[in-house]
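This report describes aromatic rings and helix packing in one protein model. Please consult the sequence and the structure while reading.

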Amino acid sequence: MRYLTVTSFGSFLGLSGQCLVVKQNGEVFREIALSHLRGINIAKSGVSISSDLVQACAIRGIKIFFLDFRSRVTSAVIGQNQHATVALRKSQFKFISNNSCCFELSREIVLNKVKNQRAVLLYFSKYLRSESSDKNQFLLFNVRKIDSLIEQLKILHFDENRNWRNSLLGLEGLSARFYFETLASTSLFPNDFINREGRWAKSITNQALNWSYAILESYVWQALDNAGLEVFAGIYHTDRPGKPSLVLDLMEEYRAWVVDRNIIKLRDTISSFSSLNSKLKVILTNAVHQTMQTKYPYNNKKVKLENILQRQAYKLAGAVSNSNKYKGYIFKW
């Protein structure tokens with residue numbers, strides 16, 4: 001097990017030797033060797049954690065994330081055993097002050113996101129082909145619209161007299177509209193899904209999406225922190241107190257494949273729930289964890305997605321510190 005997610009009220013997390021111990025109602029529920037852990041998500045109120053465990057995790061570089069009732073990361077316990085990050089973060093802030101550089105990198109981020117949305121739609125088109133030709137035709141029609149947006153993104157150039165961020169947000173928003181419209185109209189998403197809702201979502205599908213994005217967020221946060229970057233200083237997403245803007249930047253290219261694709265695969269299971277309870281949270285969390293442990297092609301090798309993400313975080317660090325060109329990861333459908 002690489003990541004532990006706690007969703008039960010009254011759980012206690014302690015330390016026994018070199019193992020993390022999870023207790024429920026005073027009884028040992030689980031023991032996990034710290035050497036097998038990379039991160040812990042506390043996703044329920046009323047969970048206790050010992051100071052010895054916090055210190056042991058800090059020494060080993062194991063991050064502890066706390067999620068609120070909206071499935072958002074509200075705080076993180078991260079050790080101080082970081083190395084050579086000052087120079088990198090100075091370079092990061094210098095990079096952010098250069099609008100031209102920010103535009104080029106942000107365009108790459110949006111382009112990767114849109115391409116991976118396209119990959120998810122085409123990945124499931126084979127199932128629609130056998131079920132309904134009308135639904136498949138609608139999917140392919142919207143894929144062609146997304147193809148047009150990809151071409152527009154490729155030729156979009158920096159103009160100091162134009163708000164480049166609004167230009168990218170506009171194209172990204174159009175792609176999201178076509179993408180989620182397709183997922184809803186072709187019944188790839190559960191039937192309760194009408195449109196995308198963030199905080200305060202009422203539909204079970206949007207709640208499942210928000211929860212799964214939060215699990216993905218902890219992976220991305222950890223990868224960026226390991227790379228020595230400042231997670232609150234974004235390049236595409238604007239700064240706001242408490243908003244891990246750089247995490248949201250890097251997350252964009254993984255959302256569709258890691259989360260949305262699993263929501264489609266779990267469509268019938270999600271539809272059987274009326275609320276996002278602990279049981280459904282475990283199912284969704286395991287699906288994200290399994291995807292992150294799956295091997296994908298990377299530099300002519302098969303590499304776990306978790307490790308691909310970490311390498312991409314290092315590439316992002318190289319882009320902001322050495323002006324290396326950042327190239328995102330595109331999933332093959």
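A residue is called buried under 20% relative accessible area, exposed over 50%, and partly exposed in between, computed with a 1.4 Å probe on protein chains only. By this definition, glutamate 27 is exposed, with a relative accessible area of 57%. Glutamate 27 belongs to strand E4 (residues 27–33); helices (H or I, at least four residues) and strands (E, at least two) are DSSP runs numbered from the N terminus. Glutamate 27 and glutamate 108 are 81 residues apart in sequence, and their C-alpha atoms are 50 Å apart in space.

The model is predicted, so local features need pLDDT of at least 70 and side-chain atom pairs count only at pLDDT 80 or more, while totals for chains, interfaces and linings use all residues. Residues are numbered from 1 along each chain as its sequence is written, and side-chain values use heavy atoms, with hydrogens and water left out.

**Aromatic rings**

A pair of aromatic rings is described by the distance of the centres and the angle of the planes. Rings of Phe, Tyr and Trp (its six-membered ring) pair if their centres lie within 6.5 Å; planes under 30 degrees apart count as stacked, over 60 as edge-to-face and the rest as tilted. The whole structure holds 18 aromatic pairs. Two of them involve phenylalanine 180, as the table shows.

| Pair | Centre to centre | Angle between planes | Class |
|---|---|---|---|
| Phenylalanine 180 and phenylalanine 189 | 6.4 Å | 45 degrees | tilted |
| Phenylalanine 180 and phenylalanine 193 | 5.9 Å | 40 degrees | tilted |

Phenylalanine 180 lies in helix H5 (residues 164–185) and phenylalanine 193 in the loop between H5 and helix H6 (204–226), so their pair ties together parts that are 13 residues apart in sequence. Phenylalanine 180 is buried at 12% relative accessible area, phenylalanine 189 is buried at 0%, and phenylalanine 193 is buried at 4%.

Elsewhere, ring pairs join residues into a cluster that includes Tyr123, Tyr254 and Trp257.

**Packing of two helices**

Two packed helices are described by the angle between their axes and the distance between the axes. The axes of H6 and helix H7 (residues 245–265) come within 8 Å and cross at roughly 135 degrees. Axes are lines fitted to C-alpha atoms, for helices over the stretch in contact, with angles from 0 to 180 degrees between N-to-C directions. H6 and H7 are therefore oblique to each other: angles under 35 degrees count as roughly parallel, over 145 as roughly antiparallel, 65 to 115 as roughly perpendicular and the rest as oblique.
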